[in-house]
Amino acid sequence: MHSDALIGYMGTLLFDGTGSKHLLTVSGKDGYAGAAFGQSTHGYGRVVKVQSLYKITDVSAEAFFQMDGDWYVEARGIEYPISEKVEIYISDGGVWLKGESGLTRVLADGYDLTVYYDRSPSQGGQVRIIVASADD
């Protein structure tokens, strides 16, 4: 049901107080295990949360839409809500964006998009991460 899993690392693992964000994806039988790294209040790097994520590739900008002020993406015949705290990674520049402003930027700039969601929308799932890469 899900696309082939990718083993990869995105971002630079630095905990220097700059607020940098990181995503580590590891392949699994049914998708991905995503580890979100953050910074403690004392400035030490730590794992914030580990969450299984599922991948949908080749999502076009036209598949994203707003309804009643919330963002959604339609893929595989299902409407997936976009988290208000969605993190967007532009892989070609190593840049992280977030929220609606980041989303509208990547939708306007013609990137190839891959979305990662945590569970089905009927179970309260949302798209948590979007990876944008240059259009080939």
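Let me start at Pro121, which touches Ile78, Glu79, Tyr80 and Pro81 when residues up to four places away in sequence are left aside, a contact being heavy atoms within 4.5 Å. Pro121 lies in the loop between E9 and E10, where helices (H or I, at least four residues) and strands (E, at least two) are DSSP runs numbered from the N terminus. Between Pro121 and Pro81 there are 40 residues in sequence, yet 7.0 Å in space, C-alpha to C-alpha. At 26% relative accessibility, Pro121 counts as partly exposed, because the scheme calls a residue buried under 20% relative accessible area, exposed over 50%, and partly exposed in between, with a 1.4 Å probe and protein chains only.

Before I go on, a word on what we are looking at. This is a predicted model, in which local features need pLDDT of at least 70 and side-chain atom pairs count only at pLDDT 80 or more, while totals for chains, interfaces and linings use all residues. Residues are numbered from 1 along each chain as its sequence is written, and side-chain values use heavy atoms, with hydrogens and water left out.

How far does the predictor trust this chain, on average, in pLDDT? The average pLDDT is 75, and 62% of the residues score at least 70, pLDDT being the predictor's confidence in each residue, from 0 to 100. Residues 1–18 stay under 50, and the model gives them 47 contacts beyond four places in sequence. Residues 25–33 are also below 50, with 30 contacts in the model beyond near neighbours in sequence. Where pLDDT is low, the predicted coordinates should not be read in detail.

Now the overall layout. The chain has 1 helix and 10 strands, and along the sequence they run β-β-β-β-β-β-β-β-α-β-β. Of the 136 residues, 38% are buried, and among contacts with a separation of 6 or more, 41% join residues 24 or more positions apart. The chain exposes about 7900 Å², of which carbon and sulfur atoms supply 49%; these areas come from the Shrake-Rupley method with a 1.4 Å probe, and for residues only the protein chains shown count as cover.

Going back to Phe64, its partners beyond four places in sequence include Val59, Trp71, Ile82, Leu103, Leu113 and Ile130.

The structure holds 4 aromatic pairs, and here rings of Phe, Tyr and Trp (its six-membered ring) pair if their centres lie within 6.5 Å, with planes under 30 degrees apart called stacked, over 60 edge-to-face and the rest tilted. Tyr54 and Tyr117 make a tilted pair, 5.7 Å centre to centre with 40 degrees between the planes. This pair links distant parts of the chain, since Tyr54 sits in strand E4 (residues 45–59) and Tyr117 in strand E9 (residues 112–117), 63 residues apart. Tyr117 is buried, at a relative accessible area of 3%, and its C-alpha atom is separated by 5.4 Å from that of Leu53, 64 residues away along the chain. Ring pairs link Tyr54, Tyr80 and Tyr117 into a cluster. Phe65 and Tyr72, by contrast, have ring centres 5.5 Å apart and planes at 15 degrees, so this pair is stacked; Phe65 is partly exposed at 23%, whereas Tyr72 counts as buried at 17%.

Finally, two loop residues with backbone angles to check on the screen. Asp68, in the loop between strand E5 (64–67) and E6, has a positive phi of about 55 degrees although it is not a glycine, and at 79% relative accessibility it counts as exposed. Arg76, in the loop between E6 and E7, also has a positive phi of about 55 degrees without being a glycine, and Arg76 is partly exposed, with a relative accessible area of 42%.
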